[in-house]
Amino acid sequence: MVSELINANPTVYEKKERRARNPPDDVDEYAVEPIDQQEIFDILSADIKDPEHPYSLEELKVITEDAIEVDDKSSYVRITFTPTVEHCSMATVIGLCLRVKLMRSLPSRYKVCVCYYLVNQVDIRVAPGTHATEAAVNKQLNDKERVAAALENPNLVDMLDECLAPSYE
Amino acid sequence: MSLIDESFELREIQRLEGHTDRVWSLAWKPATGIGGVPAVLASCSGDKTVRIWEQSRLTGSFECKAVLEETHTRTVRSCAWSPSGKLLATGSFDATTAIWDKVGDDYECVSTLEGHENEVKSVSWNASGSLLATCGRDKSVWIWEVLPGNEFECVSVLQGHTQDVKMVQWHPSMDILCSCSYDNTIKVWAEDGDSDDWHCVQTINESSDGHSSTVWALSFNSSGDKMVTCSDDLTIKIWGADIMKMQSGDGIAPWKHICTLSGYHDRTIFSAHWSREGIIASGAADDAIRLFVPGEND
């Protein structure tokens, strides 16, 4: 693993207050509710730690609720993530964390698409080859054979489990 | 009556349970399921095993006859029977290819082919059963010669693909090998008449009407003058070559694009196969299986 932190001083955002959920009185308590954006957001942001920092990915603005596209009827979810660092090896690990977290939390009928997106800011020059890197990371993250083979690598799984381990506050 | 006038229906006859992880591939054993010989099927899985299923003469149900285990140490990704049905080759993420032979009622691993640097993705026997091809994430295609006593010798390591090679398939009648890859291309490999050296004789990329994303599978029709490929780009493509020219020893005829089938699947198409009767079956991540037949003018 890298000996120095790549992103030593990340910008930390405040955790968003969770919307209170008040179901209508006449709703059947045992009915299965369709999975929506907030639920996916809750699954992802609660316990995933950036591999380099103790803060959650939500606090680092890696995932935002509007970066989640979910259609429960067609069992499809697409999440776009933007790591604070452009280092592609971290992007792949974060992407895999997100995919594994979703795989473990959602019904098996779900099709998951994980997209890595590099923020294009006007006053920051985008490094050459950036879009190529983004495309390369996305191709790997969405190749089910590559993902399956990667998840058979015990070192990688250990790293992912560490990122996904619940933090007790 | 041509195929287009017939109506087809896929009917599930049985669900085979036993594997404890994803089933990646299957292969029907040659010369079974016909002439009174019960059909036999091999399946391979993420549970590191291969299962052999046989249709019961009495009930017509498929039963698991053997579990080939304790050999591969990772997912078994691909399996293929030799043309005579005597041997079964299995390719695994553990970077090896195992060769199995039936001894009595059991299958024994009689040889282990090593050489790939990482996951083996596909295995394929040539029409005569004298050669075996394997490919993998290390971007290479290996050709192995079958020697007496179940010995295998590597005769060539083909480099050319720039990424993970997903599948290899031998032509049904000639010793021509095709491979398809994560690099979005399809390559055709043949032996140089004089020197017995294998080399790439054609690369089909996006600019030659090829695919724009990973090509997952390819399959030849029974006469070998056409092949079908499918891709992450959501299309199925049909290719044709002048086989007569090739068979007459007039050099290698290039594969040319015939048509592209799009709009039938809205997720990655992982599998395409051309049946003996001329039906193309495709399987995709949209959980659909589609059957295609040639139209009147095709």
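In chain B, strand E5 and strand E6 (residues 87-92) run antiparallel to each other and are joined over 5 bridges. To find this pairing in the model, which is a predicted one, look for Cys79(B): it stands opposite Thr90(B) in E6(B).

These two strands belong to an open sheet of 4 strands in chain B, arranged in the order E5-E6-E7-E8 with antiparallel pairing. Which strands form the edges? They are E5 (76-81) and E8 (106-113) of chain B, and each of them pairs on one side only. From one strand to the next, the twist averages 25°. As you follow a strand with your eye, keep a simple rule in mind: in a regular strand, side chains alternate between the two faces of the sheet.

## The other end of that sheet

Now move along to strand E7 (residues 97-103) of chain B, which pairs with E8(B) in the antiparallel sense over 7 bridges. A handy landmark here is Thr97(B), which stands opposite Leu113(B) in E8(B).

E7(B) and E8(B) form a hairpin with 2 residues between the strands. What does Gly104(B) do in this hairpin? Gly104(B) takes a positive phi near 70°.

## A second open sheet

Chain B also holds an open sheet of 4 strands in the order E13-E14-E15-E16, again with antiparallel pairing. Its edge strands are E13 (165-170) and E16 (198-204) of chain B, each pairing on one side only. The twist here averages 25° from one strand to the next.

For a closer look, start with E13(B), which pairs with strand E14 (residues 177-181) of chain B in the antiparallel sense over 5 bridges. Val165(B) has Ser181(B) in E14(B) as its bridge partner.

## Where chain B meets chain A

Let's turn to the place where the two chains touch. Here 21 residues of chain B are in contact with 12 residues of chain A. Together the chains bury about 1,500 Å² between them, and carbon and sulfur atoms give 46% of that area. Which three residues supply more than any other three of the area that chain B buries against chain A? They are Arg74(B), Tyr182(B) and Arg267(B), which supply 33% of it.

Two of these residues can be followed across to partners in chain A. Arg74(B) meets Glu152(A) in a salt bridge between their side chains, at 2.7 Å from N to O. Between chain B and chain A, the count is 7 salt bridges. Tyr182(B) has the charged end of Arg146(A) sitting over its ring, 4.7 Å from the ring centre. There is also Lys144(A), whose charged end sits over the ring of Phe270(B) at 4.2 Å from the centre of that ring.

## Links across the whole structure

Stepping back, a search of the whole structure finds 16 salt bridges over all chains. One of them joins the side chains of Arg109(A) and Asp72(A), at 3.4 Å from N to O. This pair links distant parts of chain A, with the two residues 37 residues apart.

Methods:
Residues numbered from 1 in each chain as written. Chains lettered and ligands numbered in written order. Predicted model: local features only at pLDDT ≥ 70, side-chain atom pairs only at ≥ 80, totals over all residues. Heavy atoms only, no water. Pairing = 2+ DSSP bridges. Axes fitted to C-alpha atoms, helices over the stretch in contact; angles between N-to-C directions. Lys NZ or Arg CZ within 6 Å of the ring centre and 35° of its normal. Contact = heavy atoms within 4.5 Å. Buried area = accessible area lost by both parts, 1.4 Å probe. Salt bridge = Lys/Arg side-chain N within 4 Å of Asp/Glu carboxyl O.
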